[in-house]
Amino acid sequence: MAATVIEKAGLARVAAIAAAVFALDQTTKWLVVWYLDLARRGEIDVAAPWLTFRMAWNRGINFGLFAGEGEASRWLLVALALAITGWVLWWVARTPQGPWARAAAGVLVGGALGNVVDRVAYGAVADFLNMSCCGIENPYAFNVADISIFAGAVGLVVFAADGRGPRGRPRKTP
């Protein structure tokens, strides 16, 4: 019984983190794309060249890979994101994970759902962050959801329990 309560509390934290990341992603997109009118303006120098808001409607995955103009690719990417989100939630609910792995799962899920909403609402993901430095011009744009998906995936790789303790030694059981 105690394990069930602990597991539910852990999933509640995953959901809370996912909701916070989702809200941050959607709020920043609304503020930059619509309130600052980046959709019409195309580009806004914030702290050039380090930070520029550059509008990009991404129909693919990271860096526009697998972009397709058809509705089939749009809905395939929505289905894929929802399937991965469902699998991550299922996995976290059924395996003992520490707080950092659960946080990473929440970050990944919040980002994935943020991009799903864009695909459903606009047919593409609204990307707007562009960073360049030191004479190297970065042609790509990204958003808070993209950062969250990447950070969440790295966090899961680093913090997910695999039945082994530090340095690969099997965990001791009581």
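This report describes the nonpolar cores, a surface patch and a strand pairing in a predicted model.

## Nonpolar cores

The largest nonpolar core comprises 10 residues: V14, A18, V88, W91, V92, A104, A105, L108, V109 and L156. Helix 1 (2-35), helix 3 (71-94) and helix 4 (99-122) are the elements that each supply two or more residues to this core. Helix 4 provides the largest share, with 4 residues.

L156 is also a member of this core. Leaving aside residues up to four places away in sequence, L156 touches V88, W91, A101, A104, A105 and L108. Another core, of 9 residues, lies apart from the largest one, and V32, V33, M55 and F128 are among its residues. In soluble globular proteins, nonpolar side chains tend to be buried together.

## Nonpolar surface patch

W30, L31, W34, Y35, L36, W57 and Y122 make a nonpolar surface patch of about 740 Å². Helix 1 gives the most to this patch, contributing 4 residues.

W34 is one of the patch residues and lies in helix 1. The relative accessibility of W34 is 39%, so this residue counts as partly exposed, a class that falls between the limits of under 20% for buried and over 50% for exposed.

## Strand pairing

Strand 2 (residues 51-58) and strand 3 run antiparallel and are joined by 5 bridges.

Definitions and conventions. Residues are numbered from 1 along each chain as its sequence is written. This is a predicted model: local features need pLDDT of at least 70, side-chain atom pairs count only at pLDDT 80 or more; totals for chains, interfaces and linings use all residues. Side-chain values use heavy atoms; hydrogens and water are left out. A nonpolar core is a set of buried Ala, Val, Leu, Ile, Met, Phe, Trp, Tyr and Cys residues joined through side-chain atoms within 4.5 Å. Buried means under 20% relative accessible area, exposed over 50%, partly exposed in between (1.4 Å probe, protein chains only). Contact means heavy atoms within 4.5 Å. Patches are made of residues with over 30% relative accessible area and no salt bridge: like charges are joined within 9 Å, nonpolar side chains (Val, Leu, Ile, Met, Phe, Trp, Tyr) within 5 Å. Accessible areas come from the Shrake-Rupley method with a 1.4 Å probe; for residues, only the protein chains shown count as cover. A salt bridge is a side-chain nitrogen of Lys or Arg within 4 Å of a carboxyl oxygen of Asp or Glu. Two strands pair if DSSP finds at least two bridges between them.
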